[in-house]
Structure formats: C-alpha cells, structure tokens
Amino acid sequence: MSDTCFACDNPAATREHVPPACLFPESKDTQGGQDLRRNLITVPACVDHNLAKSCDDTYFLWVLSTNLSANSVARQQVATKLKRTNERRPALGKAILRATKDVTVIDSASGIEHDAVEVPLDGGRLQRVLDLIGLGLYRHHFGKRWVGGFRVHPDFIGSADSSPMLNLDTDPLILFHAAEKLFATEVKYGENPDVFWYQVHEPRGKNLCLMRLVFYDGCTATAFFSDGPG
Ligand SMILES: [Zn+2]
C-alpha cells in the first residue's frame, strides 16, 4: 500500500521536510560544527506539495531569519546559507529587498532603540508555506491527513498597520489569547530546538486541536485545526 500526500489525496512521490530543511543549518555553517539536523521530520508528499519546488522554502527562511525575534542560529543562517543562495539566485533577494524602508524599533522591555529595516511581506506566500507546515506537522504527529478547516497564524509578523489576520469563531479566538497558558505544560517536540520545536494541545470536550510552532526561539505561529467551516 503506497502512502498518500500529507496535503491531498494524490499518491506520494517523495518525502517532504517539515518544516523545510533549509531552516536547519548544515554543520559547516554552525559554530563548532554543531549538529542541528538531528532526525528532521519528513512526511509523504506528492509532486505538487513540495515546499522546496517554488523557492517558497527559501522565502520562508528569509522571513524567519531576518525577523528581530529570531535567535543567533538564524543570524548565522543569514550569513551563510542565505548569502550563498542569494549569490546563486539573486532574483528572490532583490525582489524582497526592493521596497524596504528604514525604521527604528524600540525594545519594549529595555526601551533601547535599534535601527532596522522593514521588509514588505508577501502575505499570501508566507501563508501558503505556513499552511503546508501546519498540515505536514499534523500528518507527522497524528499519522493521518487533516481534512477539516484549519488556520496557521504567524504571531511573529508585526506591522503598525497590520490588520488582524484571524477570522475564526469566538471560541478558538479566546483559546488563541490563552495560548501561552494552554501550552505551558505540553511536551515540546523537535530534536533541534534552537531551530524548531512544536507543541500540541487538544482541549478536552472540544473538536479542536491547537499546535504551537516555534522557529529560531522567538518566531511563533499558532495552528488551529477545527472541524468547523475552514
Ligand atoms: Zn499533494
């Protein structure tokens, strides 16, 4: 019996890394040759649901590793992997950096100001990547494909004029605000936590599954799987 794709009914042709493998530094790019690619998660995938195919994985690496909340492993990926990719295929980087704006960011905890660059976001593309990662993790964690409604919300994207991206029923929204508390005691999965880990929370008595995805220590996304309308 052959496997079906994690995201559709087509037969799987390959295995796809979830999240994309490019997020995890090769040992030559880590300090002291640290192994940050231990037991990466893969799921069966068809040819259409391959994150690496359309450079979406590289775009995702761009967005995460240049985020102010990301840790030093992410910075290292910018200086190595992204730099090499950019030299080989400059088009993506050029497109991303074309419309940047110099901004000042104030650390709300310390009050210290940082010079930063605001990069316009391709929200549709980011959402496409996050949705596939959400579905992939569900397939990996539960061993079956999720077929109901779902939403993956990037908590790490901030902008002065950003409109709320959530459009969910009241109940999941309340859960979203309580996410920190909900996940406080849940197991952390992922063998390279400096790059990625996730948690799962299934509220008792509700037909709902929540996942918390954490990239580079500081970039968090919350996935909602609910049998309500998607
Ligand atoms: Zn597919």
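By class, the lining of the largest cavity is made up of four nonpolar, four polar and one charged residues. Here Ala, Val, Leu, Ile, Met, Phe, Trp, Tyr, Cys and Pro are nonpolar, Asp, Glu, Lys and Arg are charged, and the rest, including Gly, are polar. The model is predicted, with local features taken at pLDDT of at least 70, side-chain atom pairs at pLDDT 80 or more, and totals for chains, interfaces and linings over all residues. Residues are numbered from 1 along each chain as its sequence is written, and side-chain values use heavy atoms, without hydrogens or water.

A search of the whole structure turned up one cavity of 30 Å³ or more. A cavity is a set of points, on a 1 Å grid over the protein atoms alone, where a 1.4 Å probe fits but cannot get out, and its lining residues have an atom within 4 Å of a point. Points are joined across faces, edges and corners, and the volume is the space filled by probe spheres set on them. For the largest cavity, this space comes to about 60 Å³. Around the largest cavity stand Cys-55, Thr-58, Trp-62, Leu-82, Thr-85, Asn-86, Arg-89, Leu-92 and Gly-93. Two or more lining residues come from each of the elements α1 (56-65), α2 (72-88) and α3 (90-97), where helices (H or I, at least four residues) and strands (E, at least two) are DSSP runs numbered from the N terminus. The largest share, three residues, belongs to α2.

Helix α3 also has a buried side, made up of Leu-92, Gly-93 and Ile-96. Seen down the axis of α3, these residues fall within an arc of 95°, so they line one face of the helix; the arc is that of the directions from the axis to the C-beta atoms. On the face of α3 turned away from the buried side sit the exposed residues Ala-91 and Lys-94. Buried means under 20% relative accessible area, exposed over 50%, and partly exposed in between, with a 1.4 Å probe and protein chains only.

The next feature to visit is charge pairing. Nine salt bridges are present in the structure, each a side-chain nitrogen of Lys or Arg within 4 Å of a carboxyl oxygen of Asp or Glu. One of them joins the side chains of Arg-145 and Asp-9, at 2.8 Å from N to O. Because Arg-145 lies in the loop between α4 (123-142) and β5 (149-154) and Asp-9 in the segment before β1 (14-17), this pair ties together parts 136 residues apart in sequence. Arg-145 is partly exposed, with a relative accessible area of 25%, while Asp-9 is exposed at 61%.

Another salt bridge joins the side chains of Asp-56 and Arg-125, at 2.7 Å from N to O. Asp-56 belongs to helix α1 and Arg-125 to helix α4, so the pair ties together parts 69 residues apart in sequence. Asp-56 is buried, with a relative accessible area of 5%, and Arg-125 is buried at 14%.

Within helix α2, Glu-87 and Lys-83 lie four residues apart, about one turn of the helix. These two form a salt bridge in which the closest N and O atoms are 3.5 Å apart. Glu-87 is exposed, with a relative accessible area of 55%, and Lys-83 is partly exposed at 48%. Elsewhere, a network of salt bridges links Glu-26, Lys-28, Asp-29, Lys-81 and Arg-84.

Just after α4, Gly-143 takes a positive phi of about 70°.

Most residues other than glycine have a negative phi, and most peptide bonds are trans. Against this background, the loop between β8 (208-215) and β9 (219-226) is worth a look, with Tyr-216 placed there. Tyr-216 has a positive phi of about 45° although it is not a glycine, and at 0% relative accessibility this residue counts as buried. Asp-217 lies in the loop between β8 and β9 as well. Its phi is positive, about 70°, although Asp-217 is not a glycine, and with 45% relative accessibility Asp-217 counts as partly exposed. The peptide bond from Val-18 to Pro-19 is cis, with omega near -10°, and Pro-19 is found in the loop between β1 and β2 (42-45).

Finally, strand β7 (residues 196-201) contains Val-200, which is buried with a relative accessible area of 10%. The C-alpha atoms of Val-200 and Phe-183 are separated by 7.6 Å, and the two residues are 17 residues apart along the chain.

Key: 1 Å grid on protein atoms, 1.4 Å probe; cavity = no way out; pocket = protein on both sides within 12 Å on 5 of 7 lines; lining within 4 Å.
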